[in-house]
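Colleague: Could you walk me through the side-chain contacts in this model?
Modeller: Gladly, here it is.

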Amino acid sequence: MMLSLRAAAIASVMAVVAPTSVMAQTTGTIPPPAPSSQPPSPQPTANQYSSNEIIDAGHRFFGSVSRGLAEVVEKAVSKWGLPNGYILGEEASGAFIGGLRYGDGTLYTRNAGAVRVFWEGPSFGFDFGADGARTLMLVYSLPQTGAIFNRFGGINGSAYLVGGFGMTALTGNNTVVVPIRSGIGLRLGANLGWLKFTDSRTWNPF
């Protein structure tokens, strides 16, 4: 008799506890997801290019060597914003203390189409070697395509090596040009110099 009463009491307690546990599980609040550590990508204006557009163009241009391109483009976008133009081209350079660089390519813009450009320039400093490279240049605050035909000087402290790509920055008349290079050869040391953009080929870097 006593065992039957104890069994009945235990069964009653279990019947009360079980629904309470289920209710606690089903009515509990779910914590909100942790905020993302990555800031949202800036949205392009009508005449700007998004970082995805630049990366896609670079992948097609650089081909199999473009693995680190996205990283270096995002680095440029985080520092200078979204470009309103970009240049795809090829160049060759060499140096022994002082060096020279020559290249040609096409400037792409949203509102003025494509323009053929050439560039040349000297470099000065502790710099040895030679290289040939495909080059992607991001162009910022370009008021019109004709404004690219100017001399652009290096910005101190703007050189980066990210994901196998070298990135520098040049400025002139409030326009910033950011060359991103991947190529063969070897260049050692830090150099100072400029690039001069022209509408026809010239061997005069000055």
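This is a predicted model: local features need pLDDT of at least 70, side-chain atom pairs count only at pLDDT 80 or more; totals for chains, interfaces and linings use all residues.

Colleague: Where is Ser141, and what is its phi near?
Modeller: Ser141 is in the loop between strand S2 (113–140) and strand S3 (151–154); helices (H or I, at least four residues) and strands (E, at least two) are DSSP runs, numbered from the N terminus. Ser141 counts as exposed because its relative accessibility is 52%, where exposed means over 50% relative accessible area, buried under 20% and partly exposed in between (1.4 Å probe, protein chains only). Most residues other than glycine have a negative phi. Ser141 has a positive one, near 60 degrees.

Colleague: And Asn174, is that residue buried or exposed?
Modeller: Asn174 also has a positive phi, near 70 degrees. Its place is the loop between strand S6 (170–172) and strand S7 (175–188). With a relative accessible area of 71%, Asn174 is exposed.

Colleague: On to charges: how many salt bridges does the structure hold?
Modeller: Side chains of opposite charge can pair when their charged atoms come close. Here a salt bridge is a side-chain nitrogen of Lys or Arg within 4 Å of a carboxyl oxygen of Asp or Glu. By that rule, the number of salt bridges in the structure is six.

Colleague: How many residues apart are Glu53 and Arg110?
Modeller: Their side chains meet in a salt bridge at 2.6 Å, N to O. Glu53 is in helix H2 (residues 51–62), while Arg110 is in the loop between strand S1 (85–109) and S2. Glu53 is partly exposed at 33% relative accessibility, and Arg110 is partly exposed at 38%. The pair links distant parts of the chain, 57 residues apart.

Colleague: Which ring does the charged end of Arg110 sit over?
Modeller: A charge sits over a ring if NZ of Lys or CZ of Arg is within 6 Å of the ring centre and within 35 degrees of the ring normal. The charged end of Arg110 is 4.4 Å from the centre of its ring, and that ring belongs to Tyr49.

Colleague: What ties Asp104 to Arg201, and how far apart are they in sequence?
Modeller: Asp104 forms a salt bridge with Arg201, with the closest N and O atoms 3.6 Å apart. Asp104 lies in strand S1 and Arg201 in the segment after strand S8 (191–198), so the pair ties together parts that are 97 residues apart in sequence.

Colleague: Are Glu91 and Arg101 buried or exposed?
Modeller: The side chains of Glu91 and Arg101 meet in a salt bridge, 2.4 Å from N to O. Both residues are buried.

Colleague: Are the rings of Tyr86 and Tyr108 stacked or edge-to-face?
Modeller: Rings of Phe, Tyr and Trp (its six-membered ring) pair if their centres lie within 6.5 Å; planes under 30 degrees apart count as stacked, over 60 as edge-to-face and the rest as tilted. A search of the whole structure finds seven aromatic pairs. In one, the rings of Phe61 and Phe62 have centres 5.4 Å apart and planes at 70 degrees, so that pair is edge-to-face. For Tyr86 and Tyr108 the centres are 5.2 Å apart and the planes at 25 degrees, so the pair is stacked.

Colleague: How many residues has the largest nonpolar core?
Modeller: A nonpolar core is a set of buried Ala, Val, Leu, Ile, Met, Phe, Trp, Tyr and Cys residues joined through side-chain atoms within 4.5 Å. Residues with the most contacts inside the largest core include Leu69, Tyr86 and Ile180. The residue count of this core is 24.

Colleague: And how many residues are in the second core?
Modeller: This core is separate, and Leu107, Trp119, Val139 and Phe197 are among its residues. Its residue count is 14.

How values were computed: Residues are numbered from 1 along each chain as its sequence is written. Side-chain values use heavy atoms; hydrogens and water are left out.
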